[in-house]
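Keep the viewer open and find each residue as you go.

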Amino acid sequence: MSNSNLSNNSNLSSNSNIRHCANNNRNSNRNSKNSANKKVGLKCYLLQLVVVLLLAGYQLGWGQWQIETNILSLLPTDSQAQASQKHTTQQKNVQQAKAALFQQANQRVLVAISGEQAIPAYRQLATEITSFDGIENEAMAVPDISEVIEFYQPYRDSVMTDDYQALLSTPQAINNFVLGKLTQVSDPFVSGSLAISPRLNLADFLATGLTQLQSFETEQGIIVVNKNGLKHYIMPIKVDVDGFSVKQTQAFSQQLQAEFQRLESKFDVDVLYSGVLFHTAESSQQAEYEMSTFGVISLLAVLLMILMVFRSAKPVNLALLVLTISVVYGLTAVVTLFNQLHLLTLVFAVTLIGIVIDYCFHAFVSLNTTGGIKSIRTALCLGFITTALGYAALIMSPLSLLSQVAVFMIFGLLGALLTVLLLLPYFNLSGNISVTPSVWILTDKLNIWLTRLHQKRRLVFVVLSLGLVSVIVIDDINFNDDIRLLNSSPAFLIDNEIKMAKLMGYQHSQRIVITADDSETLLQRQEVLLARLEKVARLQHSQLQGLTVKSIASLLPSVAKQQANNDLLKGAEQQQIFQQGLAILGLIDTVDEFKPLTLAAFNSGPLQALSAVYIYQYQISDGNEKYALWVETSGVALNSDLQQWITAQPDMSIDNKPAEVSAALSHYRQALLLLFAGAILVVTMVLCLRFGLAQGLLGLLSIVVSAGGALLLTQLTLGHLNIFNLLAVLLILALAIDYVIFYQEHGLQRNTVLAITLSAISSALVFGVLALSVTPAVESFGLTVMFGILLVFLLAPLSAKQVAPLSAKKIAPLSAKQVAPLGAKQVEMEETDNDLNNKEIEVAK
């Protein structure tokens with residue numbers, strides 16, 4: 001009997017040894033294969049990293065990109081702002097003309113000096129400006145009236161006002177006009193032109209035209225605005241800021257502001273100034289401050305959290321490595337795809353820290369499991385795809401800022417994903433990075449609470465859903481698409497702009513832009529517009545009382561109108577309408593043959609500076625030259641009839657940039673609703689196909705309630721919502737899917753709970769810091785994402801697959817004597833993530 005047992009034991013032992021050898025061979029082959037795969041993956045990773053680094057070096061050294069600081073450059077292009085309209089070629093020309101005039105206006109600074117010593121202060125400022133490179137005094141020298149009259153002498157019988165034209169119908173009317181003018185001996189236009197134009201049409205034309213365009217007084221050759229008995233001496237300044245660096249823009253602003261302060265101190269005067277330059281400098285300084293401050297705070301907080309959780313410098317160094325590589329990827333993509341990198345993009349890009357650290361946390365915590373980083377590969381890839389799709393939606397935004405942020409984040413996350421999956425496994429970190437025991441204790445407590453909450457998830461979802469719907473019904477959602485959401489300028493600059501607008505009479509000021517292929521067509525279309533304005537103002541006098549119109553047409557009529565004027569004078573001469581007036585003067589004068597005053601001739605005269613202000617010649621994309629001009633209306637706003645008529649003209653447009661941008665934001669906000677519907681559909685399909693219908697719908701409910709709750713909390717906090725809150729919701733959807741996927745894949749395991757908790761804390765911290773920004777757009781974006789992450793952190797576990805609560809009872813390890821009799825049989829050990837970290841081993845025969 002004993003020999004038989006011994007024989008059986010010998011056979012069992014032999015079979016066991018054979019199986020162990022086979023298992024060892026399989027494990028050895030598997031390890032060899034994994035090692036080979038790691039090496040191949042590492043080689044591919046290093047190859048593409050070298051390519052990215054070379055591209056980054058080229059862009060930094062020889063790239064054509066530049067940092068943009070002008071907040072106005074973030075505004076939508078006109079093609080985007082008018083996305084709902086079908087453009088003709090003429091409409092596109094109008095938009096290009098508006099862009100050209102808009103850029104020209106951005107280079108101007110206006111200064112107003114008032115006080116008893118205002119003129120000496122003005123003279124000193126004019127002298128000091130000559131020493132500033134890139135800054136020039138654009139104060140137009142007021143030409144002598146005799147020079148102007150002498151210039152118009154060849155065209156004396158081609159120009160007249162509409163009022164003078166109306167008098168030509170009756171001899172008595174024109175004679176009374178001439179006699180009335182002759183009594184105005186102090187009128188320099190009458191005395192200066194009487195000898196060369198005795199019909200006084202030229203004197204009337206010049207007096208009316210110059211008065212209309214130059215409604216300001218002049219004193220010692222300086223433009224003066226008299227407001228409430230106080231004289232303000234106006235100096236327009238041109239600042240050539242195109243192509244300058246951030247530091248140079250700030251230097252120009254500081255130079256001018258310092259000079260203004262010296263003038264105020266030395267001459268006891270008040271200096272009022274306005275211009276895009278000052279807003280650009282202040283915005284860039286604020287963006288630099290927020291970028292550095294928010295970045296440092298976020299990075300230090302995240303690294304400190306890593307150090308507290310893992311109590312080792314190794315994960316901190318690895319996290320810095322992953323972050324550095326991700327930033328290189330993101331910056332390289334932005335400067336490659338965009339010619340300009342706006343400084344505010346880097347403020348938003350600080351949020352990359354929060355998401356990249358998520359990947360690091362999942363990787364570090366997975367090292368405490370049997371599968372290591374390989375066990376989370378699928379979840380990480382799915383998470384990256386959903387997050388990238390969320391950011392990809394921002395590329396459709398009419399704001400270049402959001403497009404740049406989207407590209408930066410997508411490529412930055414791609415670099416982080418590749419580094420975590422291909423580079424970190426090569427370091428063989430398994431067992432070298434462990435979580436602090438106290439953190440596990442806190443995680444277990446949180447896990448128990450989440451498990452209890454999971455058991456009541458139906459009640460939680462019902463209560464939250466009903467509460468959300470009730471609040472939405474009671475409190476109407478208020479959307480604000482104001483362009484001022486992009487403005488981070490300090491209050492004193494905004495106050496300066498308001499004061500300058502009142503001083504210069506810019507209330508209700510609007511510019512109507514006209515474009516044409518040649519100057520003659522341009523001037524003719526301007527006259528059509530002016531005729532329409534005059535007609536509507538006459539018919540609707542009560543609505544448009546006080547309407548003031550300024551245009552170059554008052555000094556430069558079209559050639560066609562000049563020809564008509566000349567014909568009228570000849571006809572009146574044949575009817576002897578001027579005979580009595582000329583007899584009184586004792587003069588004999590005949591109407592000259594027609595000689596046109598062209599734009600080229602006008603630009604060679606003493607009033608060329610006015611032409612440069614109102615008419616602009618620019619080049620379109622195909623290289624052809626185009627002409628554009630603007631007509632300014634002020635005093636009262638244009639009524640709806642005029643606005644509709646102007647909008648219907650293919651070559652005209654009201655240049656109202658704030659309204660256009662707000663309309664574009666509103667249009668894009670409505671388009672986002674369709675995008676949300678598509679995103680929800682895609683999320684539903686992904687979750688249901690991957691995890692089944694019931695689990696997929698639970699995950700979807702968690703995401704939708706979190707997004708809706710984030711918007712509601714933002715509405716209650718800020719009092720309104722805007723497009724940036726909706727864009728934040730897209731990002732919330734992308735981040736929420738990450739959490740749901742991990743919970744659906746692994747359930748409420750302690751490793752999953754810990755990794756997601758750390759990710760939520762870091763993301764909420766990074767996005768929450770943005771809520772401290774002074775720029776409303778950045779503030780509202782960060783606030784909504786922070787609320788969404790916190791809600792997702794609480795609701796995503798409710799969609800996890802059902803798991804048994806953790807057992808606090810530990811299973812004592814088997815002794816060697818107990819294990820020995822089982823040596824003849826294969827002992828299978830199933831080590832779960834919770835068992836491994838608690839040293840709980842379940843042994844199954």
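1. Residues are numbered from 1 along each chain as its sequence is written. You're looking at a predicted model, where local features need pLDDT of at least 70, side-chain atom pairs count only at pLDDT 80 or more, and totals for chains, interfaces and linings use all residues, while side-chain values use heavy atoms, with hydrogens and water left out.

2. Now the overview. The protein has 32 helices and 15 strands. Of its 845 residues, 49% are buried (buried means under 20% relative accessible area, exposed over 50%, partly exposed in between, with a 1.4 Å probe and protein chains only). Take the contacts with a separation of 6 or more: 82% of them come from residues 24 or more positions apart (a contact means heavy atoms within 4.5 Å).

3. What about the surface? The accessible surface comes to about 39600 Å², and 58% of it belongs to carbon and sulfur atoms. Areas here come from the Shrake-Rupley method with a 1.4 Å probe; for residues, only the protein chains shown count as cover.

4. Have a look at helix H27, residues 693-718. Its 26 residues reach 37 Å from the first C-alpha to the last, close to the 38 Å expected at 1.5 Å a residue (the expected span is 1.5 Å times one less than the number of residues). Just after H27 sits Gly-719, with a positive phi of about 90°.

5. E4 (residues 217-219) and E5 (residues 222-227) pair in the antiparallel sense over 3 bridges; two strands pair if DSSP finds at least two bridges between them. Thr-218 has Ile-223 in E5 as its bridge partner. The E4 and E5 hairpin has 2 residues between the strands, and Gln-220 takes a positive phi near 55° there.

6. E5 also pairs with E6 (residues 230-239), in the antiparallel sense and over 5 bridges. Here Val-225 has His-232 in E6 as its bridge partner. The hairpin of E5 and E6 has 2 residues between the strands, and Asn-228 takes a positive phi near 55° in it.

7. On to charges. Side chains of opposite charge can pair when their charged atoms come close. How many salt bridges does a search of the whole structure find? The count is 13, where a salt bridge is a side-chain nitrogen of Lys or Arg within 4 Å of a carboxyl oxygen of Asp or Glu.

8. Two salt bridges sit within single helices. In H10 (residues 246-267), Glu-259 and Arg-262 lie 3 residues apart, about one turn of the helix, with their closest N and O atoms 2.6 Å apart. Glu-259 is buried at 2% relative accessible area, whereas Arg-262 is partly exposed at 48%. In H19 (residues 491-503), Asp-495 and Lys-499 are 4 residues apart, about one turn of the helix, and their closest N and O atoms are 3.2 Å apart. Asp-495 is partly exposed at 35%, and Lys-499 is partly exposed at 45%.

9. Finally, Arg-156 and Asp-592 meet in a salt bridge at 2.8 Å, N to O. This pair links distant parts of the chain, 436 residues apart: Arg-156 is in the loop between H5 and H6, and Asp-592 is in the loop between H22 and H23. Arg-156 is buried at 7%, while Asp-592 is partly exposed at 29%.
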